[in-house]
Amino acid sequence: MISIPNILAAQKDFFASQKTKEVNFRIDLLKALKTEIKNNEQSICDALKKDFKKSEFETFLSEFGLVISELNLAIKNLKTWSKPERVKPSVLTFPSSDYIYKEPYGNVLIIAPWNYPFLLAIAPLVMAIAAGNTVVLKPSELTQNTSKLLTKILSSVFPKEVVISIEGDAETATQLLAQKWDYIFFTGSVSVGKIVAKAAAKHLTPVTLELGGKSPCIIDDSVNLKLTAKRLVWGKFLNGGQTCIAPDYVIIHSKIKAEFIGILKVEIAKMYGENPKVSPDFPRIINRKNFQRLSVLLKGESVVFGGDINESELYISPTIIDNPSLKSPVMSAEIFGPILPILSYNSEKDIENIIWNFEKPLAFYVFSKNSKYIQTTLKKYSFGGGVINDTLIHFGNQKLPFGGVGFSGMGCYHGKHGFDTFSHKKSIIKRGTWLDPALRYPPYQNKLNFVKKIFKLFS
Ligand code: NAD
């Protein structure tokens, strides 16, 4: 039986030993983690298949490959990233050398969701370690096979005073949140995000919240319908629609809606066959609770494609709903499943009325050939991140910060942004001793005008 306070005490002691401040120590750990993950590639695919029938291809593309990229980037750049960064001195501090030191926060808690259970646990962990922190990871209880494997991999690479995975449900997470951490990184739902923020506030612990929301996809009447449909189907139904940045619903120009729905049906059949239930590439809903939640969303709606459900197999086929009311259950919260509502617009006001009906979303997609319209739209609406003429792919560029805004979250990570998230930036000035102008010292008499002139000249 793991004692959470004892584990945290051991991690506190280890952090105090200053060992994690050694860059080579971190690089060695990251290299060992990479080797262990690579040795377990097949086991990772098997675990995800057991958990929700995720295909090997999708596991490689959306979990394994991205984790290895984060590890490679951190291993290659860590020495540079962690060096004190010299910045230009200010005339007000002259003579001086000015620096930003990157300091690990200390003891980090990472709470992960189930939908990309490997990626969303390990990607933040890599950058937390790279930045010199210790980590307690709480993987999701809904993906038992992947979570067990995560625990096994981490325990074979790290001493528990550096990194430990503690499996468990909300109760375990509550016990973890009752401790005083130096940083909390949470990925999951908005409702649990609020609980995490409240627990963090008690100790003034800084927190990153990677949450969800209803991410819209606007399609105007200038687009290539076939290409748009293909890219939309891929982004919506990847991972069985259980993706935080999946396009939640479509808003399409009314002129082309009927034709577009026809093309969507063809593209879905091309990707998953006439019967997606037998497709090896189409995952299942994670559990009965989510299956039942999603099944209810179909009731009373105009289902124009799909709608096949099978509770014993936790199967919901790719489904299209035409023109649901904004007050309907399917338009009331993030769908997080393979159900795509299609709404239409005739004017910009129609689009505003739909998008501003919701909290700020995590992702935003606009398909158009009209660059002026695209730029106006991107500036008008607030959202975490987005893509023009495709879906999801902004997640794949490590140079782009990934995170939400408002109800879709706070803070960001990926690549160097992740290293920065887990590092406190200490401002340090080394003051020269060879000159010490008398200007700043009292008595101030007759000095004010001269100080004003200096500020005017240099600001
Ligand atoms: P969830 O919020 O139910 O669970 C996430 C984690 O929180 C799990 O580890 C769970 O055990 C823990 N938890 C549950 N109840 C808790 C409580 N009362 N106190 C403390 N911890 C608790 O989310 P989920 O169902 O695993 O994931 C789906 C949600 O996550 C969706 O809303 C999705 O949009 C969002 N998500 C966001 C991102 C992102 O990067 N922004 C990525 C994936 C998923």
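These legends describe close-up views of a predicted model. Residues are numbered from 1 along each chain as its sequence is written, and side-chain values use heavy atoms, with hydrogens and water left out. Because the model is predicted, local features need pLDDT of at least 70 and side-chain atom pairs count only at pLDDT 80 or more, while totals for chains, interfaces and linings use all residues.

View 1. The protein is divided into domain 1 (4-211 + 409-424) and domain 2 (216-403). Domain bounds come from an automatic or database domain assignment. The C-alpha centres of domain 1 and domain 2 lie 30 Å apart. Contact means heavy atoms within 4.5 Å. On that criterion, 27 residues of domain 1 touch 25 residues of domain 2.

View 2. Rolling a probe the size of a water molecule over the atoms shows where empty space is left. The grid has a 1 Å spacing and covers the protein atoms alone; a pocket is an open set of points with protein on both sides within 12 Å along at least five of seven lines, where a cavity is a set of points where a 1.4 Å probe fits but cannot get out. Lining residues have an atom within 4 Å of a point. Points are joined across faces, edges and corners, and a volume is the space filled by probe spheres set on the points. The largest pocket holds about 1,300 Å³ of space. It is lined by 49 residues, and the closest to its centre are Gly 188, Ser 189, Val 190, Ser 191 and Val 192. Helices (H or I, at least four residues) and strands (E, at least two) are DSSP runs, numbered from the N terminus. Helix α8 supplies the largest share, five residues. By class, the lining has 25 nonpolar, 14 polar and 10 charged residues. Here Ala, Val, Leu, Ile, Met, Phe, Trp, Tyr, Cys and Pro count as nonpolar, Asp, Glu, Lys and Arg as charged, and the others, Gly among them, as polar. Domain 1 and domain 2 each give at least three residues to the lining of the largest pocket.

View 3. About 370 Å³ of space lies in the second largest pocket. Its lining includes Val 91, Leu 92, Phe 94, Arg 431, Asp 436 and Phe 455. Helix α15 (residues 448-458) gives the largest share, four residues. The lining has nine nonpolar, no polar and three charged residues. Phe 94, one of the lining residues, is joined to Pro 95 by a cis peptide bond, with omega about 0°. Pro 95 sits in the loop between β1 (85-87) and β2 (96-104).

**View 4. A cis bond between two prolines.** Pro 442 and Pro 443 are joined by a cis peptide bond; omega is about 0°. Pro 443 is in the loop between β18 (423-431) and α15.

**View 5. A mixed sheet ending at β17.** Six strands form an open sheet in the order β5-β4-β3-β6-β7-β17, with mixed pairing. Two strands pair if DSSP finds at least two bridges between them. The edge strands, β5 (163-165) and β17, each pair on one side only. Strand β7 (residues 207-210) pairs with β17 in the antiparallel sense over two bridges. Glu 210 stands opposite Gly 409 in β17.

View 6. His 414 is not a glycine, yet has a positive phi of about 95°. This residue lies in the loop between β17 and α14 (416-421). His 414 counts as buried, at 4% relative accessibility. Buried means under 20% relative accessible area, exposed over 50%, partly exposed in between (1.4 Å probe, protein chains only).

View 7. Strand β15 (residues 363-367) pairs with β16 in the parallel sense over four bridges. Val 366 stands opposite Ile 388 in β16. Asn 389 lies in the loop between β16 (385-388) and β17 (409-410). Asn 389 has a positive phi of about 65° although it is not a glycine. At 27% relative accessibility, Asn 389 is partly exposed.

**View 8. Thr 319 and its surroundings.** Thr 319 belongs to strand β13 (residues 319-322). Thr 319 is buried, with a relative accessible area of 0%. Leaving aside neighbours within four places in sequence, its contacts include Phe 237, Leu 298, Val 303, Phe 305 and Ile 339.
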